[in-house]
Amino acid sequence: MSSSVKVVVTGAAGQIAYSLIPRLVDGKTFGNRKVDLSLVEIPQVVSKLEGLVMELEDSYFPNMGTVSYTDDFKEASKDADWFLLVGSIPRGIVYNGKKIEERSDLLSINGGIFVDQGQAIGSYGKMDAKILVVGNPANTNAFIGKNAAKNNSQFWMAMTMLDSNRAKSIISKKTNSNISDIKNMIIWGNHSPTMYPDAENVIINGSLGSIFLNDQCWIEESFIPSVQQRGKAVIDARGASSATSAAKAAIDTVIACEQPTESGFCFSAAITSDGSYDIPEGLICGFPLIRLDNGAIEIKRDLSLSEFAKEKINLSIEELLAEKEAVEHLMK
Ligand code: NAD
Ligand code: LMR
């Protein structure tokens, strides 16, 4: 393993990035490796990154390597190992006179960003680069980026770890368990109000949720809608979309990809479907994932899905297919 890792972060002057970037160099996310940061912003904002770099230097991070900032994504991409694509517009704001209510409303605004970035990543990123799309609508942005990259040796993901962490928190309260005793909290489908947080395959204190929870009414009427709508609840309460929890979830995703998954367990992210669980090939869909000892990441394929679960997942797949159709013009 190389002793340093190069990480590109877009949207580096934004809310999420302010929580995210220090954690990349704190010695926990990438262990003992030196972390070289390449921070990217749009031209109007890029100069603000000078202040962030000053703060990073002033924070004493022994694992921090070089830090650069630019508005030239191609330049930033050269030989990068990781791309954390946060840069995009959040919902909850007024854009061109219209309040952005749903993540899918962001499709036409943010989708285009991922064509150019995808092309640059495919050409200039490392052949085994990992890409985590955080900017919404994350699944379809990743779909656009991966298509533009035309580099199948790189690994594209969209973030569902925040939804998984939210679901764990709700289940820990419901069952009076410690959050660390809740494992395999899978988010299937789209990072949107159609996502399916799986209360049947979750493991609580070593027991399957399908046995331990035993309260279908709570699952359908409280648990699932609360996870699906948590992003909106945070926006309503905060007046801005979730930032520190999103940053923590991005870090959790990186760590889950960097370290082998404990046997029998899995983590959540959306990746390109290979047809597993009858999900149409090519869609970027939330799956249960395993990081193998050899560094490969694959779908955990031995889980059972009830008819209820399949129905819910299908709703999310239909939405992903509709989003795919809406961005057809960006697929070259
Ligand atoms: P923010 O507005 O605070 O920051 C976004 C930053 O991105 C801005 O500084 C902007 O200048 C920059 N940017 C825009 N276009 C860019 C480009 N082409 N290249 C580089 N930078 C660019 O927003 P935020 O709160 O940090 O949220 C960022 C995104 O993350 C939003 O789309 C939000 O909806 C999404 N989000 C996703 C999740 C998730 O779970 N997947 C969670 C929270 C937020
Ligand atoms: C979230 O889930 O918090 C983010 O996707 C932001 C949003 O728009 O909900």
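The protein splits into two parts, domain 1 (4-158) and domain 2 (161-328). This is a predicted model, so everything below describes a computed structure. The C-alpha centres of domain 1 and domain 2 sit 22 Å apart, and where the two meet, 31 residues of domain 1 and 29 residues of domain 2 take part in the contact.

What does domain 1 bring to this meeting place? Several elements each give two or more residues to its side: helix 1 (15-24), strand 4 (82-85), strand 7 (130-133), helix 6 (138-149) and strand 8 (155-158). Helix 6 hands over the largest share, with 7 residues. Sorted by class, the side of domain 1 that touches domain 2 holds 18 nonpolar, 8 polar and 5 charged residues.

Stepping back to the whole chain, the protein has 11 helices and 16 strands. Its C-alpha trace spans about 55 × 45 × 40 Å along the principal axes. Why can the protein be called a compact globule? A compact globule of 332 residues would have a radius of gyration near 20 Å, and the 19 Å of the protein agrees with that. As for the inside, 45% of the 332 residues count as buried.

Helix 10 covers residues 244-258, which makes 15 residues. From its first C-alpha to its last, helix 10 reaches 21 Å, close to the 21 Å expected at 1.5 Å a residue. Which residues of helix 10 are buried? They are Ala 246, Ala 247, Ala 249, Ala 250, Thr 253, Val 254 and Ala 256.

The residues around ligand 2 are Pro 90, Arg 91, Arg 103, Asn 136, Leu 162, Gly 231, Lys 232, Val 234, Ser 241 and Ser 242. Which element gives the largest share of this shell? That is helix 9 (residues 216-238), with 3 residues. By class, the shell around ligand 2 comes out as 3 nonpolar, 4 polar and 3 charged residues.

How values were computed
Residues numbered from 1 in each chain as written. Chains lettered and ligands numbered in written order. Predicted model: local features only at pLDDT ≥ 70, side-chain atom pairs only at ≥ 80, totals over all residues. Near = placed C-beta within 6 Å. Helix = DSSP H or I, 4+ residues; strand = E, 2+ residues; numbered from the N terminus. Nonpolar A, V, L, I, M, F, W, Y, C, P; charged D, E, K, R; others polar. Rg over C-alpha atoms; globule rule 2.2 N^0.38 Å. Buried ≥ 20, exposed ≤ 12 C-beta atoms within 10 Å, placed from the backbone. Domains from an automatic or database assignment. Contact = placed C-beta atoms within 7 Å. Expected span 1.5 Å × (residues − 1).
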